[in-house]
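This report is meant to be read beside the sequence and the coordinates.

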Amino acid sequence: MESDDRPQPEALLEQAAREHRGRLKIFLGAAPGVGKTYAMLEDAQRRRKEGADIVIGIVESHGRQETEALMRGLEAIPRRLLSYRGRLMSELDLDAVLARRPALVLVDELAHTNVPGSRHEKRYQDVEEILDAGIDVLTTMNVQHLESLNDVVARITRIRVRETLPDKVLELADEIELIDLPPDELIQRLRAGKVYLRDQAHRAVNHFFSRGNLTALRELALRAAAERVDSQMISYMRAHAIPGPWPTSDRLLVCIDEGAAAEALVRAAKRAAERQRIPWIALHVLHEEQMDEPARDRLAAAMHLAEQLGGETVVLPSAADAVSEILHYAAGCNVTRLMVGRPRNRRLPRLRASVTERLARRGGDYDVIIVSAEEKPEALAPLRAVDTSRRISGRDALIVAGVVTASSALAFVADFFLDVPNLSLIFLTGVLLVAIRLGLWPSILASLLSFLAYNFFFTVPYHTFAVHRTEDLLTIFFFLVVATLTGNLAGRLRERADSTRQTARRIGNLYEFSRRAASAAEIDDVAWAVVSHVAGTLQCQSVILLPKGIDGLEIAAGFPPEDHLTPGNWAAAKWAWQHDKPAGWSSETLPGSDWLFLPMDTPNGPVGLVGVCFAERDRPLSTEQRRLLSAVVDQAALAVERTNLARDIEEKRLLTETESLRAALLSSISHDLRTPLVSIIGSASSLQNYGERIPPAQRGELLETIQDEAERLNRFVQNLLDMTRLGYGALTPKRDWIDLRDVIARARERLKKPLADFDVSADLPGDLPLLHADAVLLEQVMVNLLDNAAKYAPPGTMISIAARPADGMVELRVSDRGPGIPPADREAVFDMFYRVRNGDREKAGTGLGLAICRGIVEAHGGSIRVEDGPGGAGTAIVVTLPVPAAPAGAGEVE
C-alpha cells in the first residue's frame, strides 16, 4: 500500500471553517474560586496593553476587590435589564456587543442560563453567535458543567449540577487554559471568605468543597483539558499530513484475527489498558479470501467481547498488505502501542513472515507487545481459511470434466490442422474459464485434470504419464504452476466480485430503507418499514416496540406479524427500555431470552426498541450483522423521532390555535357580550327602582335601549351559534326562490337604529334575477356586512349597497367611507376572531361577522372578497352568488 502523505480533507475543511470565526479561549477550572475570572482579566489587561480592542461583555466580580481592580481600564458594555418575576435581572447585551464589534470580548460563566426573554436560552449560545461574527472571546467555566460529566459529578459530590452545557463547546475552543489550585489552598480561600460569605463557606467546605470532592473534580478537569488538547493535536497532524505517532498520550491498538486466541488477546488488551488507564482499540483487517463459518463466529465473539469490555472496535476493508493497513490506521489515530498475538505454530514451514513478525520489524515507531495465548488444537489451521461453502459438488465436477474434455478435443483439432507450438495454452484457457465460473477449488481440480490430459495425450511417449524429454518435463511443470496460480487468482477475483455485489446489495437495501422511512408520514408506516427491512436483510424475525403510557411498551409492528411475547422476552425488553442498553439474546443482560432488544437512541433519549430473533441462536451475531443491525437501528431511531417531532409540532399547533380561539372567545364574551348586558341591566334597574318617577319620554328611551341592546346581544349570540354550526358542518341552506331586494330591505329594517346616523343608498336594478338560496342566511350576511360598515365608517358618511348581474352571477357590493382595510389584512379578516388593529379606535365586536359571511356565501356556492371603496377610500365587501336557471313560471318580482 502506498503511503498517503497528503493532508486529510476533513481536517482542512475544519480549519477553513474556523478561519472566519472568532477564536475562543476557555479558562477551565475544577470548582468555583480557583481564580478563572482573575486569570481571564489578567490576560485581557495584558492584551489591552499590547493595543488590542477589548470590551467586557459580562464579568461577575462577586464583590471581590482584586477582581474589580483588574476590570478598571477595560470598556464595559452596559448590561441588558430584563424583568423576571417582579425583579430586574441583568444579562449580556448580545446586540450591543455585535454592534460594537470589538476584537475581543470577555464573557464570564459560560454555562449560565439566561433570563427568560433573552434571545438564547444559554450563554454559550450567545458566545457561539459572537464567534460567528468574527469576534474573539475569553470565557470561564467549571468542569462540573459539562453535560457528559453530570452523572459523574453527581455521584462524587452528591449534588446534581443544573446548569450544564454540551461537550461540543469544548471542541469549539481554540485554546484551553487550566486554572488549577490545590484543594487545601482552595479550602483556605473559602474559609477566608474570598469565594462565598463566611456562613456559606462553612457549609460549602462540609459538603461540595470537601477535600475528596475537590481532588476528584481536579482530576476530571485535568482529563478534560488533556483530551481536548489531544484532539487538537490529532487534528493538527491530519491537517499537516504528519505521519505520527507523537507519544504525547498513550493509546493501545490490539490486532485480532479469527483465531481461537482472539478472545484471550482482547482480555489481555483490556487488562493492559486498565492498568495504564489509557483508551484502547480492537482492530481487524479483512483478508481478500473469505472465512468459513467457525472463523466468522470466533471473530464476532472477539469483537463483541471488546465492545463489552469498553474498547472501540474497528474493521478495515480487505487489503493485500494487512501490516500496512494497521500501521496507516495507527498513525492516523496517534496510537503509541500495538498488541498482537504470538505467531501460530505451523506444521509446514512459512513461505512468508507472519503479521506479528512484520509488525515487529516495521513498527519501529511503536511499542509492539506480543502476547502469548493458548490455542485449541483444532485452531492450528492456516491463518486464512478458504471458503468451504464452495467445495466441489457433483455438478461442479461434471462441468470441470466437460471443460477438460472440450479442451482436449480442441487441442487434437489444433494439433492436426495447425502448427501450434504449445497446446498447453488451450488447457490453460479452460482452467481460467472454470475459475471465473465456479471459483477456486473447481479451478484447482481443472488444473490437475488438464495437467494429466496434456501429459497423457500430447507429450512423448503418448498415452502414458511418463516423460522422457527434459523440455516436456519443464513444460508440464510450469503448466501446472501457471494453471494453479491462474485459477487461484481468478477464483479470488470471483469471490471479491461476489463480496462487492453483496456489499452493494446491502447498501442498496439500507438506502431503500432510508428512503421508505423518510417518506413515511405515520408512525405505523415507519414501524412496518423497520421490521420488514430488518427481517429481510438479516433473515430473522423482527419487532418494534414503542412506548405506551408512562412506563409501558407495546408492539407497534412485527415481521412476520407478531402480537405477543413471552414473559421472559418482555422482561428483557423492559430492562433494555429502562436502562437504555441492549438486553436479551447475545447480550450481557438476560441472555436466556429468545429475542435481542436494541434501544433506538436519539439525542433526546430512546424512542423505542427494535427486537430480532434468529432461528439459529447457538452462535452470537457476527461483526457484520452487528454493524448492519446498528445502522438500521440508528436509521429507525431518526425516522421515529422525525415522526414524533412532526406529531408534536402538529399537536402544539392545534393546541396553540385552540388556545388562541379560546382566548379570543373569552375576550369577546367578557367584553363585547357584556356591554349590551350592562346596558340592559342598567335600564331595567332604573325602570324597576324609579319607574313611577321617570318621565314618560325617558321611560321610552330606556325601553328602546333595552330593545336595541337585546337585539345587539341577539346578533352576537346568533353569530356564535352560526359559527358553531359552520365549524361542525351543520349549516345547510334551506333554498327557495328569493328576491335579493327583499332580503336587503329586511336587513336594513333590522339595523334601523345603527344606520340612523348614515346616508344609506341602494342601487338595485329591477332586472335582478331570482336566487335559489336561503333567505334567512342571506339576510344574516347583509346584517353582518351593514353592521360592520356602521362600526367603522364615520357618522354622517355614506354607506352604499349595489347589486348587478354579471356572467351568470349576481355581484353584491357594500361600500363605506371608513379607514379601509390594509391589503395585508384583506384575506385574514375572514378568519374567526381576527380584527384589524386600530389602537384606541378599535370598535367592539366578536370578530365573527365576516367569518360567518364567508361560511354562508361559500355554502351557497359563492365567494366574498375585500376591495377598495369608491375612489380608493374606505372599504367595499363584494359578494358573488350564482344564478341558477329559473324554473318554469318563476318570473321576476316587481
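## Basis of the model

The model is predicted, with local features requiring pLDDT of at least 70 and side-chain atom pairs counting only at pLDDT 80 or more, while totals for chains, interfaces and linings use all residues. Residues are numbered from 1 along each chain as its sequence is written, and side-chain values use heavy atoms, leaving out hydrogens and water.

Helices (H or I, at least four residues) and strands (E, at least two) are DSSP runs numbered from the N terminus.

## The parallel sheet

Strands of a sheet pair through backbone hydrogen bonds, in either a parallel or an antiparallel sense.

Strand β12 (residues 337-341) has 4 of its 5 residues buried, that is, under 20% relative accessible area with a 1.4 Å probe and protein chains only, whereas over 50% would be exposed and values in between partly exposed. On one side, β12 runs parallel to strand β9 (residues 252-255), to which 3 bridges join it, and L252 stands opposite R337. With strand β13 (residues 367-371), β12 pairs in the parallel sense over 5 bridges; in this pairing R337 stands opposite D367, and G341 stands opposite V371.

## Helices on the sheet

## Two helix pairs

Two packed helices are described by the angle between their axes and the distance between the axes. For helix α15 (residues 394-417) and helix α16 (residues 424-438), the axes come within 9 Å and cross at roughly 155°. The two helices are therefore roughly antiparallel to each other, the class for angles over 145 degrees, while those under 35 are roughly parallel, 65 to 115 roughly perpendicular and the rest oblique. The crossing of α15 and α16 is right-handed, meaning that the near helix is turned clockwise from the far one by less than a right angle, with anticlockwise giving left-handed. Among the residues making the contact are I399, V403 and A414 of α15 and F427, V434 and L438 of α16.

The axes of helix α25 (residues 775-792) and helix α26 (residues 849-859) come within 9 Å and cross at roughly 150°, and α25 and α26 are therefore roughly antiparallel to each other. Their crossing is left-handed.

## Residue T880

T880 is found in strand β25 (residues 875-882), and it counts as buried because its relative accessibility is 11%. Leaving aside neighbours within four places in sequence, T880 is in contact with M809, V810, E811, V857, G862, S863 and R865. One of these, V857, also belongs to the α26 side of the contact with α25.

Terms used
Pairing = 2+ DSSP bridges. Axes fitted to C-alpha atoms, helices over the stretch in contact; angles between N-to-C directions. Contact = heavy atoms within 4.5 Å.
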